[in-house]
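Welcome! Please take a look at the sequence and the 3D structure shown here before reading on.

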Amino acid sequence: MAQYILLAILFIPSYMLNEWIIFNGGLKLMPGSFTDTGGSIVIHAFGALFGLGVIMTMTTKKEFDTKVESDETSNKFSMVGSMVLWLFWPSFCAALVAPELIPVTAVNVVLALCGATIATYVASVLLRGKIGIGDIANAALAGGVAIGSTCDKTNHVVAFIIGILAGVLSTVSFAVIQPKLQEKLKVIDTCGVLNLHGFPGLMGGFAAMFVINDINRSAQFIGIVISIIIALVAGLISGKLLSVFGRRAEPYFDAEEFIAD
Amino acid sequence: MAQYILLAILFIPSYMLNEWIIFNGGLKLMPGSFTDTGGSIVIHAFGALFGLGVIMTMTTKKEFDTKVESDETSNKFSMVGSMVLWLFWPSFCAALVAPELIPVTAVNVVLALCGATIATYVASVLLRGKIGIGDIANAALAGGVAIGSTCDKTNHVVAFIIGILAGVLSTVSFAVIQPKLQEKLKVIDTCGVLNLHGFPGLMGGFAAMFVINDINRSAQFIGIVISIIIALVAGLISGKLLSVFGRRAEPYFDAEEFIAD
Amino acid sequence: MAQYILLAILFIPSYMLNEWIIFNGGLKLMPGSFTDTGGSIVIHAFGALFGLGVIMTMTTKKEFDTKVESDETSNKFSMVGSMVLWLFWPSFCAALVAPELIPVTAVNVVLALCGATIATYVASVLLRGKIGIGDIANAALAGGVAIGSTCDKTNHVVAFIIGILAGVLSTVSFAVIQPKLQEKLKVIDTCGVLNLHGFPGLMGGFAAMFVINDINRSAQFIGIVISIIIALVAGLISGKLLSVFGRRAEPYFDAEEFIAD
């Protein structure tokens, strides 16, 4: 548990540093304002890439060789969790927008989630032959991740399209990219955070450059690049620091830390 | 999956046709305005009767003879789903009412749900000897279905009574009417949609004729009849069209379409 | 089932009597106004102590000797329920506050819940060696219970501290106090209501005396004492009355009252 707490203590200043540079003009690196209302970049992609940095230094060979298990019941619980995330996503994205923009923001988020949900069903069948329940529990939420940057600044049609693209991207990422990336990097992204929060988050941040008329495109691009760099570097350093306090030889199992019966 | 998509494509214009006739004076069939804020008729009853039309042409003998299975765990997941529906029902009904009517609408819906929940417990014990968990997971929501038409136009006492009546109606429908109806029509209503959305929805639409003082009673009655006819006819036609793309001999099982482990 | 209904009929007037005395000046027992916006005292502690009164007269020896069972799946469902309570707690506490105080109230409740959740993890590991999933499912909510009295009248730092203290108190109560209290009183608090709603509720009510500047301290103290007395006495009387209609020899099991498969 000490390592979880240490990880939290290392993550929070990294996150705040990035927000300070991107939104508050810290270090004067940004040439203009950055658009990311619902946090596609600074929350989702940042967290996912930070995590990628951490696992790069933490995963051991034995962990890598152990299959991550799931069964019918655990997948049903995942679906319950996804349902709750789906339902509360509009209020998450609308939390910081002006009251008069809440309705349009909420509808945009719902449409993006609908687009991603439908796209995930279709993409999952095309890629796997059947519907992967893990795809639905994850990629169906990618629309919410990707619409974050533009949720209060675009129209309903664009929101729906962003959702569809995010669902496809996330499903392809789960079914095709993740296995290859894991083989290449020899790391395990247990929950597929990169597939759900990483790539769709980046997509959402870049999408803002094309769908918002009066956006400062170079600021948007530079902000994304800065976020990627800070997240990866901070994640790598955090992982190195955590490793000092021990690396696991055996893969994690619940009973090690929980009294669950 | 192609048949699900086709069904969606057939359903949406049917639903829109009905709304256009009922609310927008399409075809000049309505003699006045129709009261259905939360969609007891145009959402719940319409959907249930459309589904009834579809299954009339789709159910095969082998499917009919196979028992629909549930177990303790699947019933617990149903209860989780019902809980979430219960909690969000007030906001569903209040979504389109004027801001100043939201509190009274929300309280009316909560009271209707409470009435239905209590009534379902009592009715379930009286009809089955014990509490049927399937009754609770379904009929407890019937108050939300039935209060739809009048949720922003009635008082708390009437809302509570509508909820109680809907809970009793839905439980009787699950325990008594459904087995007889299935035997007679040789169709299977897997989720009991007719018991939860069909009958309580119709009850709610008719209840509006008695509990709202300045309602146009003939318009309300005609609107309900039109909705029933369009739903059943559109459902039958949709079912026929779907059948062209094949009818199942074997009952559905999850693993056929899902990778769930 | 008759006994449940009787219990509800006995509880409601007790609850209303207490509210009438505490908030409406009934019997002229209160020397000033009582602060309990989110019901730490009049809802949580009152209900818990009422229940304590009831079980004191109801628990039989055989029930007492039977272990309350839970397993991995039932604990996961508990966590789902806790998650839903956690998510809706801010709106529960903010339901009756003035619109302009809703944001500060909601943030206070979220911070109190965060404090309790973190404190529960730490306290559970310190007391049990591992994280008790039952502690997390319960004590993590203690922050919401304890912040009730002061949710709209304190600042974010104090709210977070109240949450931490409540989480620790509740976990200690589950792990240390409950076993001793059960042995002493020979009663079973099946769901640990005293640990989650009782002690943290009282703590929240007393905390108001110290963290709100312009509070009437003697009124707050007297109100809490009155609530404790009414709850216990009404619970004891209700338990005695229920016992007239029979006491169980055997512990309760689901299948006795539910058709769940």
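Residues are numbered from 1 along each chain as its sequence is written, and chains are lettered from A and ligands numbered from 1 in the order in which they are written. The predictor gives the complex an ipTM of 0.87 and a pTM of 0.91.

**Confidence**

- Within chain A, confidence is lowest in helix α3 (residues 61–65), with a mean of 77, and highest in helix α7 (residues 142–146), at 97.
- Helices and strands here are DSSP runs numbered from the N terminus: helices are H or I with at least four residues, and strands are E with at least two.
- A word of care for any model of this kind: where pLDDT is low, the predicted coordinates should not be read in detail.

**How the chains are arranged**

- Chain A is superposed on chain B by a rotation of 120° with 0.0 Å of shift along its axis, at an RMSD of 0.0 Å.
- The two copies are therefore related as by a three-fold rotation axis.
- Superposition is by least squares on the C-alpha atoms of residues with pLDDT of at least 70 in both copies.
- Only 16% of the interface residues of chain A are also interface residues in chain B, so the copies meet through different surfaces.
- Chain C is superposed on chain A by a rotation of 120° with 0.0 Å of shift along its axis (RMSD 0.0 Å).
- Here too the copies use different surfaces, as 16% of the contact residues of chain C recur in chain A.

**Where chain A meets chain B**

- This contact, meaning heavy atoms within 4.5 Å, takes 19 residues from chain A and 12 residues from chain B.
- Chain A and chain B bury about 1400 Å² between them, with 79% of it on carbon and sulfur atoms.
- A:Lys130, A:Ile131 and A:Ile133 supply 33% of the area that chain A buries against chain B, more than any other three residues.
- Buried area is the accessible area (1.4 Å probe) that two parts lose on being put together, summed over both.
- Between chain A and chain B there are 3 residue pairs in polar contact, both at pLDDT 80 or more.
- On the side of chain A that touches chain B, the elements giving two or more residues are α4 (72–94), α5 (102–128) and β1 (131–132) of chain A.
- The largest share of that side, 9 residues, comes from α4(A).
- A polar contact is a pair of N or O atoms within 3.5 Å; within protein, one must be able to donate a hydrogen and the other to accept it, and residues adjacent in sequence count only if both atoms are side-chain atoms.
- The count of salt bridges between chain A and chain B is 0.

**Two buried residues**

- A:Asn18 lies in helix α1 (residues 2–23) of chain A.
- A:Asn18 counts as buried because its relative accessibility is 0%, where buried means under 20% relative accessible area, exposed over 50% and partly exposed in between (1.4 Å probe, protein chains only).
- Leaving aside neighbours within four places in sequence, A:Asn18 is in contact with residues including A:Val42, A:Phe46 and A:Ile230.
- B:Ser149 is found in the loop between α7 (142–146) and α8 (156–185) of chain B.
- B:Ser149 is also buried, with a relative accessible area of 0%.
- Not counting residues up to four places away in sequence, B:Ser149 touches several residues, among them B:Thr35, B:Asp36, B:Gly204 and B:Ala208.

**Salt bridges**

- Over all chains, the structure holds 9 salt bridges, each a side-chain nitrogen of Lys or Arg within 4 Å of a carboxyl oxygen of Asp or Glu.
- C:Arg128 and C:Asp135 meet in a salt bridge at 2.6 Å, N to O.
- C:Arg128 is partly exposed at 35%, whereas C:Asp135 is buried at 2% relative accessibility.
- A:Asp152 forms a salt bridge with A:Lys153, the closest N and O atoms being 3.5 Å apart.
- A:Asp152 is buried, with a relative accessible area of 14%, whereas A:Lys153 is partly exposed at 41%.

Notes:
Side-chain values use heavy atoms; hydrogens and water are left out. pLDDT is the predictor's confidence in each residue, from 0 to 100.
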